[in-house]
Amino acid sequence: MEYEEQLLELLDELQKETGIRFSLSDNANDEHETLRKLTKLIHRYRGDRNKAFFLKEFLTEEIDDKEIKSRAKSFRINEEAPWSLIYIEFKKAYDTEAVSVLSSIYASGSDHMVEEDPKHLILLRQHKKSVTDEELSDIATNIHDTLETELMTSVKIAYDTVSSDFYGLQNSFKHAKAAMDIRNIFHLGTDVIGYHELGLGKLVYSLPKEACTEFIHDHLGDFDFEQIDSETRHTINVFFEKGLSIAETARELFVHRNTLVYRLDKLEKLTGLDIRRFSDAVTMEIALLMNELKKNNTP
Amino acid sequence: MASISLKDICKNYPNGFQAVKNFNLEIQDKEFIIFVGPSGCGKSTTLRMIAGLEDISSGELKIDGKLMNSVEPKDRDIAMVFQNYALYPHMTVFDNMAFGLKIRKVDKGEIKKRVEEAAKILDLDKLLDRKPKALSGGQRQRVAMGRAIVRNPKVFLMDELLSNLDAKLRVQMRIEISKLHDRLGATIIYVTHDQTEAMTLGTRIVVMKDGVVQQIDSPQVLYSQPKNLFVAGFIGSPQMNFIDAKIAVNGSDVTATLGNSTLKVPAAKAKALIDGGYDGKTVILGIRPEDLHDDQAFIANSPDSVIDAKIRVYELLGAEVFLYFDYAGSQVTARVDPRTTAKTGDDVKFALDMEKIHFFDKDSEETITN
């Protein structure tokens, strides 16, 4: 877009916000600087009026540190208290009922709700003292169950570990969003997930797809993952969860030890990997995650 | 209230994982149905598909004969109650129960009527002005149920409702839920991983494993006639004992050899083993702990079903004693009378109640005799 067009758009927007028509004269700034300052002016005006708008700009890092500090002070935000961030994804666009329910449970004076887009709400909670991951998981699960019960709508929740101060929330936001993305690829059966619970999925998610293709080819050749049926996949998952223990896996799956051994033998014949051996188990887990990442269409 | 029909319901995730496979069930009006099974068996996923919180990959869900697959969850006339009930801390019990109706803009008079009715059913009528922090754990749980009741739904779905409660409160709430079912005359589907909860609450139980329904029956039938090894082991506590047994057929007589003992199989079960062609084959013999007897009178009357054991652990539970021993490569538990003289380290004779034994195919794990 040309400079003149952008300038006019920003001046129109400023007029909408303030009701005053501005024009430029004796402008000592260059074009880029002019547009930046006008944008800042619009944001500042909106932000001065609306704490939620400021919090959204803060989380998405649209304003600089100096500006954040000054506005956090003007909104009397406790910068030094521990804070947590809970990222809520609705299956369909949320409505005012969702906002009402959330406000009624949590968003008192020191908690804040930010509307990211029609399907995502962010809850920022200020704590009196630091909370453990387990406590945070309980809070997130409570929010999930309450929203689903009251609204009868499907909700997924991602959260990060508690931040020691307000400024750490920018990082928490990035982590919670990443956790939601990773959940949507690797943990589809999990409705509430913490960034710290992503395990190898977090690592694999950061890899380019070419590297995944190469790894799978190096270790499994042209193996077709469709050959691993649902039952075998479940067996593998439980076997990994139970620390490669045959006895505990058989107990968890309610199958005889010999049935489990038969399934593992069958998998070895199919893939060449004996997941009773630690190194093969690691290779299998990584390859399965990489395969899921490859199937996912996100860039 | 409502009848529910699930026909060939499946849930497939994009990564190929099949959480639920061909689930078929007809639920009658006012039934109390339990979905039970180990973690990851698909019970909660099925419940969420009924609620509309998960999409159904294939199959048909009908409520009162109406196809529901693409009906919005809000419009299914269903209420869900979860284990993690978050009561609104600054609201009274009345407002907590009324909240869902208020946000749906139900008339004030109607809200008052419904909340008072629900409070009466739940014995909360004297607590309506209290805040959640002034309530006990059980009372809070009842308020959570009250929030569902005031909606007057056709169906109640309850997911692991009592899992967060301590053992004593859990027993108390089980009784409350049973009473509630009687008072409301409601259709209830209740999900649990706890077989005791399933056995005490349900009129029918659906046992699931790996996304597949294993058996649907009343608690009594599930306990006495399990269809396979999984159901036999999952239902009942302590669980059924399983011992490998070699079958020998001689005319119409059949014997089962377990370790050093050869036991005579009763006629009806013998016929099933003969008809199934199990002569000379090894099968799995199942026997519940209470069907192993150490009293002299029973042993004297059952000379063809006696085994010798050395007691490894003696456990007194007050009204009963558990005796643990190893037999033919299996760990066995016997539930006996507390007047038993058996102690840890003793050599003890046990007689098996052969009318109560079960036989399972070693490969398919399906029942041979039920």
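Modeller: Contact here means heavy atoms within 4.5 Å. The model is predicted, so local features need pLDDT of at least 70 and side-chain atom pairs count only at pLDDT 80 or more, whereas totals for chains, interfaces and linings use all residues. Residues are numbered from 1 along each chain as its sequence is written, chains are lettered from A and ligands numbered from 1 in the order in which they are written, and side-chain values use heavy atoms, with hydrogens and water left out.

Biologist: Which tryptophan is in contact with F166(A), leaving aside neighbours within four places in sequence?

Modeller: With those neighbours set aside, the contacts of F166(A) include F54(A), L55(A) and F58(A).

Biologist: How many residues does the largest nonpolar core hold?

Modeller: A nonpolar core is a set of buried Ala, Val, Leu, Ile, Met, Phe, Trp, Tyr and Cys residues joined through side-chain atoms within 4.5 Å. Buried means under 20% relative accessible area, exposed over 50%, and partly exposed in between (1.4 Å probe, protein chains only). In the largest core, F54(A), L85(A), L124(A), F166(A) and I275(A) touch the most other members, and its residues number 57.

Biologist: Is E365(B) buried or exposed?

Modeller: E365(B) is not a glycine, yet its phi is positive, near 65°. The residue lies in the segment after strand 20 (358–360) of chain B, strands being DSSP runs of E, at least two residues, and helices runs of H or I, at least four, numbered from the N terminus. At 15% relative accessibility, E365(B) is buried.
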